[in-house]
Amino acid sequence: MLDTVRQIETPEGVSLRLHAAGATARAHAWLIDFALRAFAAFLLLAVLGMLGAAGAGIGMLVLFAAYWIYGVACEVWMDGQTVGKRVMNLRVVNADGTPVTLLPSVIRNLLRTVDGLPGIYGVGLVCCLIDPYSRRIGDIVAGTMVVHVLERGALGQVPNESPEPPSTPLRLEEQEALVAFAERGRNLHEARQRELGDLLEPLTGRMGNAGLRKLLAHANWLLGRT
């Protein structure tokens, strides 16, 4: 695997590519959601505190909803996205790429108690680092995963570069891999692009940015551009 991409073929024969979100992006989304919930709870509790014992009781219900219901409600009715995930361009989906439904969302959110052990999501972090698709225990049990939401047009567009045929004939699967890399390159960090491009130095005869430009030239040639 060149990166955390899961390729799935649907029963209809359609190939789906799911770009799994890593631990860092997921942690940022969680921090945004935590800050939002904490701020909202603080404001509500400040108001409810003026109601005495009744306000305290309502406040406990608010805290319960903020911790347990928020994630499920957002994932089911906001297309798999909490506010934090939307900011980070992430989305929860079923493992087969279909939209997440109520039961899987409930399961993955209930198992946050396990992923949170022994504190600050220790178990969840370790699991994300070990699992090839960066899933925590809740995702594995629920059959879900968190993926990057790619902007329309982010894939399928190879940057323009003067077309140049490869120096050696490529098999069909090698041609497809080369074009796929050219299409997805802009979604990878520059250092990661160069790292992957350097692996193809026997084909391009160049390293670094020069090698990347050579790969783009080959990809443009394979696509029939002139």
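Reply: The model is a predicted one.

Me: Is Ser 134 buried or exposed?

Reply: A residue counts as buried under 20% relative accessible area. Ser 134 has 9% relative accessibility, so the class of this residue is buried.

Me: What is the phi of Ser 134, a residue other than glycine?

Reply: Most residues other than glycine have a negative phi. Ser 134 has a positive value instead. Its phi is near 55 degrees.

Me: Which two residues does a cis peptide bond join?

Reply: Most peptide bonds are trans. Here omega is about -10 degrees for a cis bond whose proline, Pro 118, lies in the loop between H5 and H6. The residues joined are Leu 117 and Pro 118.

Me: How many aromatic pairs does a search of the whole structure find?

Reply: A pair of aromatic rings is described by the distance of the centres and the angle of the planes. Ring centres have to lie within 6.5 Å to count as a pair. With the whole structure searched, the number of aromatic pairs is 3.

Me: Why is the pair of Trp 30 and Tyr 121 edge-to-face, and how many residues apart are they?

Reply: The ring centres of Trp 30 and Tyr 121 are 5.5 Å apart. Planes over 60 degrees apart count as edge-to-face, and the planes of this pair are at 65 degrees, so the pair belongs to that class. Trp 30 is in helix H1 (residues 23-48) and Tyr 121 in the loop between helix H5 (112-115) and helix H6 (122-130), so that the pair links distant parts of the chain. The separation of Trp 30 and Tyr 121 is 91 residues.

Me: Which residues form one aromatic cluster?

Reply: Trp 30 is partly exposed, at 30% relative accessibility. Phe 34 lies in helix H1 and is partly exposed as well, at 44%. The members of the one cluster are Trp 30, Phe 34 and Tyr 121.

Me: What is the angle between the planes of Tyr 67 and Trp 68?

Reply: Tyr 67 is partly exposed at 44% relative accessibility, and Trp 68 is partly exposed at 26%. Their rings form an edge-to-face pair with a centre-to-centre distance of 4.8 Å. The angle between the planes is 80 degrees.

Me: With which residues is Val 62 in contact, leaving aside its neighbours within four places in sequence?

Reply: Val 62 has its place in helix H2. Val 62 and Leu 44 are 18 residues apart in sequence, yet their C-alpha atoms are 8.1 Å apart in space. With neighbours within four places left aside, the contacts of Val 62 are Leu 44 and Leu 48.

Me: At what angle do the axes of helix H8 and helix H11 cross?

Reply: Two packed helices are described by the angle between their axes and the distance between the axes. The axes of H8 (residues 172-184) and H11 (residues 208-222) come within 9 Å. H8 passes H11 in a left-handed crossing. The crossing angle is roughly 120 degrees.

Me: What distance separates the end C-alpha atoms of H8?

Reply: The buried residues of H8 include Ala 180 and Arg 184. At 1.5 Å a residue, the 13 residues of H8 should span 18 Å, and the model agrees with this. The distance between the end C-alpha atoms is 18 Å.

Note on methods:
Residues numbered from 1 in each chain as written. Predicted model: local features only at pLDDT ≥ 70, side-chain atom pairs only at ≥ 80, totals over all residues. Heavy atoms only, no water. Axes fitted to C-alpha atoms, helices over the stretch in contact; angles between N-to-C directions. Helix = DSSP H or I, 4+ residues; strand = E, 2+ residues; numbered from the N terminus. Left-handed = near helix turned anticlockwise from the far one by under 90°. Phe/Tyr/Trp six-rings, centres within 6.5 Å; stacked < 30°, edge-to-face > 60°. Buried < 20%, exposed > 50% of the residue type's maximum accessible area, 1.4 Å probe, protein only. Expected span 1.5 Å × (residues − 1). Contact = heavy atoms within 4.5 Å.
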